[in-house]
Amino acid sequence: MMLPESKTEAKNQGRNFLYPKKPNGKLYAKRKWVSYILLLFLFSCPFLRLNGEQLVLLNFIERKFVFFGLIFTPQDFYLFALAMLIFIMFIVCFTVVLGRLWCGWACPQTIFMEMIFRRIEYWIEGDASKQKKLDEGEWSAEKIFKKGAKHLIFLIISFAIANTFLAYMIGSDALIKIITEPIAGHVSGFISIWLFTLIFYAVFAYVREVVCTVICPYGRLQGVLLDNQSLVVAYDFTRGEPRGRLQKEASSLKKGDCIDCNLCVQVCPTGIDIRQGTQLECINCTACIDSCNEVMLKIGKPRNLIGFFNQDFINERKSYKVGLKSYGYVAVLCIVLIIFSSLIYKREDIQTTVLRASGTLYQSRGADQTSNLYNAELVNKTNKTLMFRFRSQNSGDKIDFIQKADILPKEGSAHVTFFLIRKNSTIKKYKTDAVFEILVDGEVLSTATTSFFAPPKGE
């Protein structure tokens, strides 16, 4: 078996660099368009605004998260946990049905590596054989120029990726300040930019496919998640075997369609032979499908000797159908999505928590009134300062404020301490509900319910 060409271990201290051939074909063209759309989305999200906030923000430092105009605070942690559960379930469901297709078509590592950095290499150094010859040759003006130009471009792109990454983490406004203002005022931010730049540069210039084959745990999940109905990039060995070189003269030996040209191996970005079966290193990039289809077309054989197959089709020629397990995963995922959507829909712009003051029960106010002492906390989940009014839903109740607030700062909180006073004539039970409303511009934006304790009339 002829693997993609690699650098000698002596030159790279045991690290074998792969030289995959430049892929070409219909699937590769489609992958490029998918990559362009995803890259446009990735680089634009931190700098586009909706409702006054950047489109996507994942600020773990300030515990602020924004998704398409909705601000999520630490009080929304249950939504974050549910969203992570949905994400994991989606990965499981997607993998069971379509294998590791995410890795080859949508993973940022693959898109950056194969659609940006690798293509720059092809542009500057040429295809696999020219790259190998350049690396093994003596240092010359041409080699210094090509290597210098390549790594300079790699560094510039890594710098752009690092800035975009930080824009997601700290916000585009904070990033622009770090870039435009004197370094002395943003030393930690300046160091962070260059630290991430060097990390991304090292990943895409040296680590490369090791991220997919060793570091990323997703590939190792395939053995657990895949079944005989899962669609994966696979070699149809029942049609391709036994392999044999293409011969001009007829042979009495029966041969399969595979002519053992090894192009499927030479274009593989992780250096595997797809003909050896499903492997955790396969990222389903479909480069082997394009190369094999090109050969099949030239020798007059049917396409898709390598294609999207499930194991049942390869072994028993059963037609593809989605398994019951997949339907079960989809059903559970849909139920959780409905629950999550309903929670998002019911989510209030102001979160109000009202608790009875600890160590107190109730206070008699003369012969006809009873009061309870409460503490209330209001959290503003919007990016606007709000003027609010705090009241009881029961018009017969009276509120006597000890600590009052009328302004709720944007993305901030306010505290209120008060007595709720009720007439004894309206009290029928020892424990009743007390409902409070938060009004902004005459509209009720939040409600909170707690308990009111008082002896019923006559006790």
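Which residues of H9 are buried? In this predicted model, the buried residues of H9 are Gly189, Ile193, Thr197, Phe200, Tyr201, Val203, Phe204 and Ala205.

## Helix H9 and its surroundings

Helix H9 runs over residues 187-207 and contains 21 residues. From its first C-alpha to its last, H9 reaches 28 Å, close to the 30 Å expected at 1.5 Å a residue. The elements that cover the buried residues of H9 include helix H5 (108-125), helix H7 (141-170), H8 and helix H10 (210-215).

H9 is followed by Arg208, and the phi of Arg208 is positive, near 55°.

## Ser172 in helix H8

One of the elements covering H9 is H8, a helix of residues 172-180 that includes Ser172. Ser172 counts as buried because its relative accessibility is 4%, where the cut-off for a buried residue is under 20%.

The side chain of Ser172 reaches the backbone oxygen of Pro46 at 3.1 Å. Leaving aside neighbours within four places in sequence, Ser172 is in contact with Pro46, Phe47, Arg49, Gln54 and Ala167.

## Helix H14

Helix H14 spans residues 287-299, which gives 13 residues. The reach of H14 from first C-alpha to last is 19 Å, close to the 18 Å expected at 1.5 Å a residue. Just after H14 comes Gly300, which takes a positive phi of about 75°.

Buried residues in H14 are Ala287, Cys288, Ile289, Asp290, Ser291, Cys292, Asn293, Val295 and Met296.

Three strands form an open sheet in the order E14-E18-E19, with antiparallel pairing. Strand E14 (389-392) and strand E19 (443-453) are the edge strands, each pairing on one side only. From one strand to the next, the twist averages 25°.

E14 and strand E18 (residues 431-440) are joined in the antiparallel sense over four bridges. Within this pairing, Arg391 has Glu437 of E18 as its bridge partner, and Phe390 has Ile438 of E18. In a regular strand the side chains alternate between the two faces of the sheet. E14 has a covered face, made up of Phe390 and Ser392, and an uncovered face, made up of Arg389 and Arg391.

## The nonpolar cores

The largest nonpolar core has 23 residues, and those touching the most other members are Val354, Leu378, Phe388, Phe390, Phe418, Leu420 and Phe436. At least two residues of this core come from each of strand E10 (350-356), strand E12 (369-380), strand E17 (413-423), E18 and E19. Apart from this core there is a second, separate one of 20 residues, which includes Tyr235, Cys264, Ile272 and Cys282.

What surrounds Phe436, a member of the largest core? Leaving aside neighbours within four places in sequence, Phe436 is in contact with Val354, Phe390, Arg391, Ser392, Gln393, Ile399, Phe418, Leu420, Ser446, Thr447, Ala448 and Thr450.

## Thr450 in strand E19

Thr450, one of the contacts of Phe436, has its place in strand E19. Thr450 is buried because its relative accessible area is 13%, below the cut-off of 20%.

Thr450 and Leu355 are 95 residues apart along the chain, yet their C-alpha atoms are separated by 6.7 Å.

## Asn375 in strand E12

Is Asn375 buried or partly exposed? Asn375, found in strand E12, counts as partly exposed because its relative accessibility is 37%, which lies between the cut-offs of 20% and 50%.

Asn375 touches Thr353, Val354, Leu355, Ala357, Val416 and Thr417, when residues up to four places away in sequence are not counted. With Thr417, the side chain of Asn375 makes a side-chain to side-chain polar contact of 3.0 Å. Asn375 and Ile335 are 40 residues apart in sequence, and their C-alpha atoms lie 37 Å apart in space.

Definitions and conventions: Residues are numbered from 1 along each chain as its sequence is written. This is a predicted model: local features need pLDDT of at least 70, side-chain atom pairs count only at pLDDT 80 or more; totals for chains, interfaces and linings use all residues. Side-chain values use heavy atoms; hydrogens and water are left out. Two strands pair if DSSP finds at least two bridges between them. Axes are lines fitted to C-alpha atoms, for helices over the stretch in contact, and angles run from 0 to 180 degrees between N-to-C directions. A nonpolar core is a set of buried Ala, Val, Leu, Ile, Met, Phe, Trp, Tyr and Cys residues joined through side-chain atoms within 4.5 Å. Buried means under 20% relative accessible area, exposed over 50%, partly exposed in between (1.4 Å probe, protein chains only). Contact means heavy atoms within 4.5 Å. A polar contact is a pair of N or O atoms within 3.5 Å; within protein, one must be able to donate a hydrogen and the other to accept it, and residues adjacent in sequence count only if both atoms are side-chain atoms. The expected span of a helix is 1.5 Å times one less than its number of residues.
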